[in-house]
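Open your viewer and keep the sequence panel beside it. This tour tells you what to select at each stop and what you will find there.

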Amino acid sequence: MDMKRISILFWLYKSKKNNQGESPLYLRITVGGKKVETATGYFIKASEWDSNKKLVKGKSDNSILINNYITVSRSKILQIENEFTLDNSNCITADLVKQRFLGLSTQRKTLLEVFDYHNDKVKAQVGNGYSIGTYKQYEVSKGKLKSFLKYSSGEEDVSLDSLSHKFVTDFETYLKNVDGLSSNSAMKKITQLKTVVHLALANEWTTKNPFGNFKCSYKNPKREVLTNEELQTLSTKDFGCDRLNYVRDIFLFCCYTGLRYSDVAKLTPANTIVGIDGKKWLTVDTTKTDERCNIPLFEQAEILIDKYKDNPVCLNRGVMFPVNSCMSSNQSELSLRECFVI
């Protein structure tokens, strides 16, 4: 293995002096051309510093103290280098060496550990910046990563430092060819993985960014638009099943208002207002964008609201429509597909 060497340099920060005219002594650690620095806490007069030997001149007690610190520090950093060599680690960085030298925690986290950490944070903020659907989607992405690891290497988890561009592209191939996802659906999962990796980078749990040369790209899908005749056909179709009839009406209401399923699910009578034009409007804080929207109510939408005003489920929950609170947006999509098999 081509092990990166550690370069150690003690130097005097001459332009930064204290009231006694002494300059701080700094330690510079360089690995693979990248460097980090840290102050030693010692101050020395420029005339007392031997810039060639990188030691303090003289035999005073203070000179001996600082020179001993320099010698011990060099030995400690060389020991850290040996530890990386024995571990056969190719992820040695100046930051990691500095952390070990200063006695800071350098415990390596795994990808799924960080995924759990991220998802717990999202779950704790459901209703305050995140929706339950977002949390569930991240949980699905974590599950697909688990399946991919089993499929590709038989492993339960993987260290953050082992992630690479190849890992991301292999995951993309798995999602499309093995899991059967569309290009856009696969890219959504990869984007969520990218979010988790960036969280790890921000917390300095890793210095490797496997997305450095990876571009998340989406294709604009061809969307079919329902005609007025098709909407009319759907609105008059009786499916002989309350569940499907509810889903049909909610879908129609989405069409008439432009609202998402998640927004319709939380509508209450209080969301209906009378505008300055004397007509009824909906005022909604959307779940996905957290924006206030004012939407005019067309006659078809008002008819649907009136249809469910005395519905026992709606009265009990204080909502406009009997939306199954346990139904995910994916499940509602499946129910809508049932509706269209007519």
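Axes here are lines fitted to C-alpha atoms, for helices over the stretch in contact, and angles run from 0 to 180 degrees between N-to-C directions. Helices (H or I, at least four residues) and strands (E, at least two) are DSSP runs, numbered from the N terminus. This is a predicted model, where local features need pLDDT of at least 70, side-chain atom pairs count only at pLDDT 80 or more, and totals for chains, interfaces and linings use all residues. Residues are numbered from 1 along each chain as its sequence is written, and side-chain values use heavy atoms, with hydrogens and water left out.

**Stop 1: the whole protein**

Show everything as a cartoon. The protein has 12 helices and 8 strands. Of the 342 residues, 36% are buried. Buried means under 20% relative accessible area, exposed over 50%, and partly exposed in between (1.4 Å probe, protein chains only). Contact means heavy atoms within 4.5 Å. Take the contacts between residues at least 6 apart in sequence: 52% of them join residues at least 24 apart.

**Stop 2**

Select 6-12, 23-31 and 34-44. Strand E1 covers 6-12 and strand E3 covers 34-44, while strand E2 is residues 23-31. Together they make an open sheet in the order E1-E2-E3, with antiparallel pairing. E1 and E3 are the edge strands, and each pairs on one side only. On average, neighbouring strands in this sheet are turned by 20 degrees against each other, direction ignored. Two strands pair if DSSP finds at least two bridges between them.

Count the links. E1 and E2 share 7 bridges, and E2 and E3 share 8.

- Phenylalanine 10 has leucine 27 in E2 as its bridge partner.
- Serine 7 stands opposite threonine 30 in E2.
- Isoleucine 29 has valine 36 in E3 as its bridge partner.

Next, select glycine 32. It sits in the hairpin of E2 and E3, which has 2 residues between the strands, and takes a positive phi near 60 degrees.

Show side chains along a strand. In a regular strand the side chains alternate between the two faces of the sheet.

**Stop 3: inside E2**

Why is E2 largely enclosed by the rest of the structure? Because 8 of its 9 residues are buried. Select leucine 25, which lies in strand E2. Leucine 25 counts as buried because its relative accessibility is 0%. Leave out residues up to four places away in sequence, and leucine 25 touches, among others, Phe10, Trp11, Tyr42, Trp49, Ile66 and Ile70. Glycine 41 is another contact of leucine 25. These two are 16 residues apart in sequence, yet 7.0 Å apart in space, C-alpha to C-alpha.

**Stop 4: helices across the sheet**

**Stop 5: two crossing helices**

Select 111-124, helix H3, and 183-202, helix H6. Their axes come within 10 Å and cross at roughly 95 degrees. So H3 is roughly perpendicular to H6. Angles of 65 to 115 degrees count as roughly perpendicular, under 35 as roughly parallel, over 145 as roughly antiparallel, and the rest as oblique.

Show the side chains. From H3, residues including Leu111, Phe115 and Tyr117 meet residues of H6, including Leu193, Val196 and Leu199. The residues of this contact divide into 8 nonpolar, 3 polar and no charged. Ala, Val, Leu, Ile, Met, Phe, Trp, Tyr, Cys and Pro count as nonpolar, Asp, Glu, Lys and Arg as charged, and the others, Gly among them, as polar.

**Stop 6: a residue in a loop**

Select threonine 206. It is in the loop between helix H6 and helix H7 (228-235). Is threonine 206 buried or exposed? It is buried, because its relative accessible area is 6%. Setting aside neighbours within four places in sequence, threonine 206 contacts Leu160, Asp161, Ala200 and Leu201.

**Stop 7**

Finish with 272-274 and 280-285. These are strands E6 and E7, paired in the antiparallel sense over 3 bridges. Valine 274 has lysine 280 in E7 as its bridge partner. The hairpin of E6 and E7 has 5 residues between the strands, and glycine 278 in the turn has a positive phi of about 80 degrees. Tryptophan 281 stands opposite proline 296 in E8.
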